[in-house]
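Please look over these notes on cavities and pockets before you set up any grids. They are in numbered points.

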Amino acid sequence: MSSEPLLSVEHLTIRFGGLVAINDLSFSARAGEITALIGPNGAGKTTVFNCITGFYKPDIGRIAFNREDGERFLLERLDGFRIAQAGVVRTFQNIRLFPGMSVGENLMVAQHVALMRASLFSVAGFLRLPRYINAERAAIERARYWLDKIGLARDADTLAGSLSYGSQRRLEIARAMCAEPRLLCLDEPAAGLNPNESLALNDLLLSIRDEHKISILLIEHDMSVVMQISDRINVLEQGRLIAEGTPADIRANPEVIRAYLGVEDTSDAVAAIEGGN
């Protein structure tokens, strides 16, 4: 395995008019780990995600994606769809399923590019050639696997829009996994979940890391999720990196306590973190 980080963000800067949203930001994410980005509202977390996944082009900076197979991509130079093809796949803070499609269809849509390639862009699919039949069978099996993994196997034919909020959250992660990412970028996956659903999310994300060897980059406000599953945490304030380290490091960092938790006393901060506030 390469000694380079899986993802290296170097001197990232992006401005919107006169506003500097991200200011000379550098951090990295290692292969096989869950890396979290945290910070107060307006710190720039989602802007960073949008730069990594091609929605924004930074004014300055490099975003290097060093895959374990030796391929290297400079994400700031790629169109968004090519970033996904390179293996960087994301979810959104606001759920973006296809509500009028079934649960199973949502997972099949995520595999559209692979199926189109296998079909030679329709010819092999139309003729039902073995290469397409095999790819289609694998896609169906992958969808079934993830439906079972997130506890929705019995809901394959249910409209995605009729699922509970927590189920829709899990489905969105499963859909991203059907695209076979190397780096899974999750924007507020625990938003709106109750404590039991958050615990189930923790288990799902840890299994993605441990069983499937997929690295995760996570934006999250729920500190009980962040502290329990993250290997490393990066803390942003007003577009700048103010701290990085293990959950234990971040829990005790006075700058984080001041900027993120809004309290001066370390014991109060630790209590807030442990309580998931």
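1. Terms come first. On a 1 Å grid over the protein atoms alone, a cavity is a set of points where a 1.4 Å probe fits but cannot get out. A pocket is an open set with protein on both sides within 12 Å along at least five of seven lines. Lining residues have an atom within 4 Å of a point. Points join across faces, edges and corners, and a volume is the space filled by probe spheres set on them.

2. The model is predicted: local features need pLDDT of at least 70, side-chain atom pairs count only at pLDDT 80 or more, and totals for chains, interfaces and linings use all residues. Residues are numbered from 1 along each chain as its sequence is written, and side-chain values use heavy atoms, leaving out hydrogens and water.

3. There are 2 cavities of 30 Å³ or more. The largest cavity holds about 50 Å³. Its lining includes Gly166, Arg169 and Glu197. By class, that lining is 3 nonpolar, 1 polar and 3 charged (Ala, Val, Leu, Ile, Met, Phe, Trp, Tyr, Cys and Pro are nonpolar; Asp, Glu, Lys and Arg charged; the others, Gly among them, polar).

4. The largest pocket has a volume of about 1,000 Å³. It is lined by 38 residues, and Ala84, Val89, Ala110, Val113 and Ala179 are the closest to its centre. The lining counts 22 nonpolar, 7 polar and 9 charged residues.

5. The second largest pocket has about 190 Å³ of space. Of its 16 lining residues, Gly42, Ala43, Gly44, Lys45 and Thr46 are the closest to the centre. This lining splits into 4 nonpolar, 9 polar and 3 charged.
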